[in-house]
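Let's take a friendly walk through this model together. Please have your viewer open as you read.

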Number of protein chains: 2
Amino acid sequence: MARVTTSPTFKRLPRAVREQQMLDAAVRVFSRRGFHAASMDEIAEDAGISKPMVYAYLGTKEELFIACLHREGTRLMEAIVAGVGTDLPPDEQLWRGLRAFFGFVGAHRDGWAVLYRQARAQQPFAGALATMRERMVEVIGTMLAQALAAEGREIRDMDLEVMAYALVGASESLADWLADRPDADPDKTATRMMNFAWVGAGQLLHGETWPPAPLSP
Amino acid sequence: MARVTTSPTFKRLPRAVREQQMLDAAVRVFSRRGFHAASMDEIAEDAGISKPMVYAYLGTKEELFIACLHREGTRLMEAIVAGVGTDLPPDEQLWRGLRAFFGFVGAHRDGWAVLYRQARAQQPFAGALATMRERMVEVIGTMLAQALAAEGREIRDMDLEVMAYALVGASESLADWLADRPDADPDKTATRMMNFAWVGAGQLLHGETWPPAPLSP
DNA sequence: CATCATACCTACTCGCACGTAAGGTTACGC
DNA sequence: GCGTAACCTTACGTGCGAGTAGGTATGATG
């Protein structure tokens, strides 16, 4: 069938490059439309390529979404573990983790939207996301457990897990807050989160803050 | 066209009753399938009624979802304001709010899933949900502001807002945790949340807890 | 008992978007 | 220079599900 095909003859690129472009486009489109409302046509167009290429390289819509999820998730994890030094006091570790986390979200708002806002809701992906969250909860849990061990104290495992969940949840919520406010500063957000998580609302209301800065630096 | 229509001739019910049945069904189906994967046919079938009735009473799929959102949201809000007494010390107020909140989620897991897991992701509804969350944030913010005023202290508005967001976010996260664990106890979850939010991770690790119960009652 | 409104049904239309068949075109090795 | 493989296209087939047309029962009111 195909007609003369050629308009101004676009550049041909190696597969690896195109794949990244497609993933970039997919993340953008999924992020602003949602999984279902996003059409493969729009993703292809946004990537400057035609639809069958997307199918040829990344497979079906679901597989494409999984690929996005995987890439963004890996990036986030890497950013965090790179930020958290080892062998530091627990509050310092937490602080660095939060800084890295909010830094990432501030710099990759689309990725964040795909990763959490979308994946959490859509049935087939909730599992994959849950796995990622487990890992984060585990990381935080381990950190807290070490802090406890250093003090020679003990808390039930479930309490630790719940605490880690609360921490992760609060962070996710503030990440949403941050993602919706382009002018907000990731570092300030991290500071506020740290104050809330470490010092607690009760002490915070009494004027206590996490060392050394006052509540609003 | 229509055939003999009648099998054993089901009960005819007044509109108000059917509407509630439909909403019940819609919440169930939306909750387990997600907005898009849910079909109007399945909702109708689950409600024990045929599709055109749904359109006649509740309108299009979007409108139906909005109706679910509205009903569940109102119920949640009512449960909370009923729980929070007025003119109590702030920690007591927070504690009661959390109890009511987790109690509601424990008893209406489907409603919770629709309200948050779904609405947050789907484009057209994010706005409506955001409004509801604003209200909650405002309620909490006001509460915190009163607590501050009682102490004669002051914090920037934005810090209060962020703190409220963190609190709401942590609660949502634990609500998810709770919704996924049928055997978990809402009251215990509320206790853990209260400890985390009020006392803070730092003090918690030192063995401090919120009065009067120890960490795991 | 006629009449009207309300509850309720079966059986369709129709568009959208996933996924694909079949065929062009450029680049690179030999 | 020539084959062949990788890149890229247009133009479909197809299924599913939102929404509707048009008709049937039932109960209330005169």
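What follows moves from the pairing of the chains to the core and its aromatic rings.

Keep in mind that this is a predicted model.

In chain A, the UniProt record (an unreviewed entry) places a "DNA-binding region" at residues 39-58. This stretch is 75% helix and 0% strand, with its end C-alpha atoms 15 Å apart.

The largest nonpolar core has 142 residues, and A:Phe30 and B:Phe30 have the most contacts inside it. Domain 1 (13-59) and domain 2 (72-205) of chain B both give residues to this core, so it lies between them. Among the residues that A:Phe30 touches are A:Ile43, A:Leu64, A:Phe65 and A:Val114.

How many aromatic pairs does the structure hold over all chains? There are 17. One of them joins A:Phe30 and A:Phe35, stacked at 5.6 Å centre to centre with 20 degrees between the planes. Both A:Phe30 and A:Phe35 are buried. In chain B, the rings of B:Phe65 and B:Phe125 have centres 4.4 Å apart and planes at 35 degrees, so this pair is tilted. It links distant parts of the chain, 60 residues apart: B:Phe65 sits in helix α4 and B:Phe125 in helix α7. Back in chain A, ring pairs link A:Phe30, A:Phe35, A:Phe65 and A:Phe125 into a cluster.

Key
Residues numbered from 1 in each chain as written. Chains lettered and ligands numbered in written order. Predicted model: local features only at pLDDT ≥ 70, side-chain atom pairs only at ≥ 80, totals over all residues. Heavy atoms only, no water. UniProt positions renumbered as here; feature names shortened; annotations may be inferred. Helix = DSSP H or I, 4+ residues; strand = E, 2+ residues; numbered from the N terminus. Core = buried A, V, L, I, M, F, W, Y, C linked by side-chain atoms within 4.5 Å. Buried < 20%, exposed > 50% of the residue type's maximum accessible area, 1.4 Å probe, protein only. Domains from an automatic or database assignment. Contact = heavy atoms within 4.5 Å. Phe/Tyr/Trp six-rings, centres within 6.5 Å; stacked < 30°, edge-to-face > 60°. Lists of a residue's contacts leave out its neighbours within four places in sequence.
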